[in-house]
Amino acid sequence: MLTNAVRVVSVNNLIEVRNLVKHFEVSGGLFSRNKRIIKAVDGIDFEIKAGESLGLVGQSGCGKTTTARSLCLLDPKTSGDVNFYNSESQKMESIDEIDDEGLRQFRRNMQMIFQDPYESLNPRWTLKDIIKEPLDIHNIGDLKDREEAVIEILKTVGLTPPQNYLSRYPHEISGGQRQRVSIARTLIMKPKFVICDEPTSMLDVSIRISIMDLMLNLAKELNVSYLYITHDLAVARYMCNRIAVMFNGKIVEIAESEELLQNPIHPYTKRLISSIPIPDPNYKRERYEVNYDELDKIISNNPDKKMIDIGNGHFVASHDTKGFFIET
Amino acid sequence: MDNLKNEKEIAKSLRRKAISKNWKLFKQSRLGMVGLIIVFFFFILSILQPILFLTGIWDQGTYNPVVGYVDQTQDFLVVECPKEFPTEKYEKRTDCPGRNEVNIKTLFYSDGEVGETIQLNLQPAPPSRDHILGTDSLGRDVFSQIMEGSQVAFLLGILSATLGVGISTLLGTIAAFFGGRVDAYLMRQSDLVLMLPTLPLLFIISAFAELKIWHLAVVLGTIGGLGGSVITIKSQALQVKVKPFVDSARITGGSNMKILFSHVLPNVAPLALLFMVFSVTGAIASESVLSFLGLLNIEMSWGLMIYLAQVEGYIFSGLKFWWLILPAGLSVTFLTGGFYLVGRGLDEVFNPRLRKR
């Protein structure tokens with residue numbers, strides 16, 4: 001089991017997710033009693049070490065964003081444990097059991113960058129107000145301190161001179177600048193853990209790489225861990241130390257980035273990698289075909305979610321009782 | 001320090017730019033500008049009257065819209081029309097009383113024998129130099145009444161619209177934000193209020209209580225605020241509620257109240273302002289109807305002017321006494337229309353989809 005295998009009892013783990021489950025109930029209508037349950041996230045385990053970035057890849061609807069939203073307490077999780085490293089008490093604490101002060105600590109250290117830079121900034125606020133909102137909420141420093149912090153972080157994310165941006169509104173700047181502002185807003189509290197929900201997928205390709213480089217540099221500088229959600233394996237490889245592949249609410253394979261891309265084992269991972277286009281018109285990558293319905297059936301018929309250790313920190317889900325995944 | 005100063009200047013210039021941009025957008029809609037001019041005209045009228053009284057250009061005795069009176073009398077000789085027509089003196093029957101003479105049949109208010117000289121009132125007098133729009137049957141200046149009426153209309157319209165929009169914005173955002181039972185209750189309530197016919201309800205209320213202008217504003221505001229606008233504002237707030245900036249405030253740890261007041265309300269405000277402008281129209285129209293039916297305890301208003309003209313029978317004489325009916329009627333029409341057009345203009349500013357490219 002993954003949890004057993006990787007549980008190196010170390011204070012280095014920043015966040016541990018154990019058997020996280022998020023089910024949505026869909027009622028059939030006002031008078032119908034039967035309720036359908038959608039298993040958006042169905043028992044996933046992973047952990048992120050301090051300073052490490054984990055990529056979460058998978059097709060749309062496989063539960064990546066739901067995982068993120070449950071992690072940062074936006075939607076209450078159905079069951080499972082999320083443990084967060086509390087730097088004050090120097091130990092892992094379950095977010096279900098922490099008190100208000102602990103929750104405040106947790107919120108200070110956890111931030112999220114959203115996909116759509118056009119929707120994630122309040123259009124009626126100036127950039128200064130947007131960026132210093134976390135400081136206002138947590139009541140850190142006086143007004144002058146906050147203003148200085150805003151100027152400082154604007155310089156850090158490369159919006160210079162900062163004075164030009166302080167009193168602007170989000171509609172007055174471009175998409176890339178907006179995403180820089182969201183990053184600034186996220187990092188002004190110096191959090192330890194940032195969830196990035198496809199932060200570059202809405203940007204132009206030309207701007208994308210500069211934003212990703214900015215995020216990498218900031219991660220190095222501020223020692224931030226990312227949970228980087230994307231559907232693009234190339235982006236995940238560029239940004240992350242490790243990659244977890246999700247399929248229909250379950251993690252099917254998790255490994256170091258290079259290891260996963262060079263040596264994919266699960267059929268779904270193979271399918272994903274074979275779909276990365278090669279920028280050479282003369283060469284066509286051989287497509288690895290997977291019957292998703294069959295795969296889904298196999299997974300749901302074998303609720304025992306054993307992960308097999310391949311070595312090198314590479315784990316693959318096994319779907320049949322014999323302990324092997326199904327080759328299609 | 002230099003930086004901060006610089007920043008403030010930039011902020012000021014940016015704000016000025018934003019205002020001028022919105023103003024330019026508003027100016028593009030010609031209807032909105034027409035509406036604004038009409039509303040501005042009536043606003044000038046309503047603030048002109050106190051100024052005229054204070055500066056002494058108008059004296060209260062003559063021009064007060066409620067108790068002002070100007071003596072416009074003339075001596076008339078009472079004559080009797082001959083029985084046979086035509087005679088040498090009177091060629092047509094309608095000519096019967098000559099200049100400064102009056103037929104005995106037309107003496108409604110005073111007694112008089114044939115051959116006596118009698119003093120008669122000339123009210124309602126047509127427009128003259130002293131009274132731009134003439135006087136009504138009690139000798140009060142119609143123009144001054146129109147001014148007073150526009151004060152009443154502005155007071156009532158803006159008061160009830162502010163109250164109504166305040167209520168519906170608050171309830172709508174609360175319904176959207178908290179959802180569940182609160183939402184269900186508020187929505188059923190606004191369905192119920194929507195179902196109530198406003199005017200008959202106001203008739204009943206005025207039968208039990210003396211409605212003054214303040215009371216009417218509160219009643220109209222409450223009915224408007226609990227009604228359909230709650231549903232519309234709720235739908236707008238629902239759109240705002242799921243925006244990522246609300247999520248990110250929540251992740252950071254913002255309380256519900258803080259998110260409600262600093263994120264959701266400001267983004268619902270433009271729609272609320274639009275509703276406010278449109279609901280002014282309804283309030284003014286309701287006031288006119290109520291005071292035309294004599295159900296309001298109010299000293300002067302446009303509806304009351306038409307009511308008086310109707311009670312005294314002048315409304316049936318076609319346009320012979322036009323100054324008693326037309327100014328008040330047109331004022332109601334134009335001011336409500338003006339507010340509606342302003343609303344349309346604002347709509348184009350706030351709803352980018354309506355903008356012409």
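The model is predicted. Chain B has a secondary structure of twelve helices and three strands. The contact between the chains draws on 23 residues from chain A and 20 residues from chain B. The largest nonpolar core contains 152 residues.

**Contact between chains A and B**

- On the two sides of the contact there are 23 residues from chain A and 20 residues from chain B.
- Four elements of chain A each give two or more residues to the side that touches chain B: helix 3 (100-109), strand 6 (110-113), helix 4 (127-138) and helix 6 (163-166).
- Helix 4 of chain A contributes the most to that side, with four residues.
- By class, the side of chain A that touches chain B has nine nonpolar, seven polar and seven charged residues.
- Helix 3 of chain A has F106(A), R107(A) and N109(A) as its buried residues.
- The cover over these buried residues of helix 3 includes strand 4 (79-86), strand 6 and strand 7 (193-197) of chain A, along with helix 9 (244-252) of chain B.

**Nonpolar core**

- Within the largest nonpolar core, of 152 residues, L227(A), Y228(A) and V245(A) have the most contacts.
- Helix 10 (residues 256-292) of chain B gives the most to this core, with 15 residues.
- Leaving aside residues up to four places away in sequence, Y228(A) touches S53(A), L54(A), G55(A), L56(A), C196(A), A236(A), M239(A) and C240(A).

**Chain B overall**

- Of the 357 residues in chain B, 39% are buried.
- Among contacts in chain B with a separation of 6 or more, 74% join residues 24 or more positions apart.

**Helix 4 with helix 7, chain B**

- Helix 4 (residues 142-178) of chain B and helix 7 (residues 213-226) of chain B cross at roughly 35°, and their axes come within 7 Å.
- This crossing of helix 4 and helix 7 of chain B is right-handed.
- From helix 4 of chain B, the residues that meet helix 7 include V152(B), L155(B), L156(B), L159(B) and L163(B).
- Among the residues on the helix 7 side are I213(B), L216(B), L220(B), G221(B), G224(B) and G225(B).
- The contact of helix 4 with helix 7 of chain B has 13 nonpolar, eight polar and no charged residues.

**Helix 4 with helix 5, chain B**

- Helix 4 of chain B also packs with helix 5 (residues 180-195) of chain B, at an angle of about 145° and with the axes 7 Å apart.
- The crossing of helix 4 and helix 5 of chain B is left-handed.
- L171(B), I174(B), A175(B) and F178(B) of helix 4 meet G180(B), V182(B), D183(B), L186(B) and M187(B) of helix 5.
- Seven nonpolar, one polar and one charged residues make up the contact of helix 4 with helix 5 of chain B.

**Helix 11 with helix 12, chain B**

- The axes of helix 11 (residues 302-311) and helix 12 (residues 322-350) of chain B lie 9 Å apart, at an angle of about 150°.
- Helix 11 and helix 12 of chain B are therefore roughly antiparallel to each other, as angles over 145 degrees count as roughly antiparallel.
- Helix 11 and helix 12 of chain B make a left-handed crossing.
- W302(B), M305(B), I306(B) and A309(B) of helix 11 meet residues of helix 12 that include L324(B), I325(B), A328(B) and V332(B).
- The contact of helix 11 with helix 12 of chain B has eight nonpolar, two polar and no charged residues.

Key. Residues are numbered from 1 along each chain as its sequence is written. Chains are lettered from A and ligands numbered from 1 in the order in which they are written. This is a predicted model: local features need pLDDT of at least 70, side-chain atom pairs count only at pLDDT 80 or more; totals for chains, interfaces and linings use all residues. Two residues are in contact if their C-beta atoms, placed from the backbone, lie within 7 Å. Ala, Val, Leu, Ile, Met, Phe, Trp, Tyr, Cys and Pro count as nonpolar, Asp, Glu, Lys and Arg as charged, and the others, Gly among them, as polar. A nonpolar core is a set of buried Ala, Val, Leu, Ile, Met, Phe, Trp, Tyr and Cys residues joined through C-beta atoms within 7 Å. A residue is buried if 20 or more other C-beta atoms lie within 10 Å of its own, exposed if 12 or fewer, and partly exposed in between; C-beta atoms are placed from the backbone. Axes are lines fitted to C-alpha atoms, for helices over the stretch in contact, and angles run from 0 to 180 degrees between N-to-C directions. Angles under 35 degrees count as roughly parallel, over 145 as roughly antiparallel, 65 to 115 as roughly perpendicular and the rest as oblique. A crossing is left-handed if the near helix is turned anticlockwise from the far one by less than a right angle, and right-handed if clockwise.
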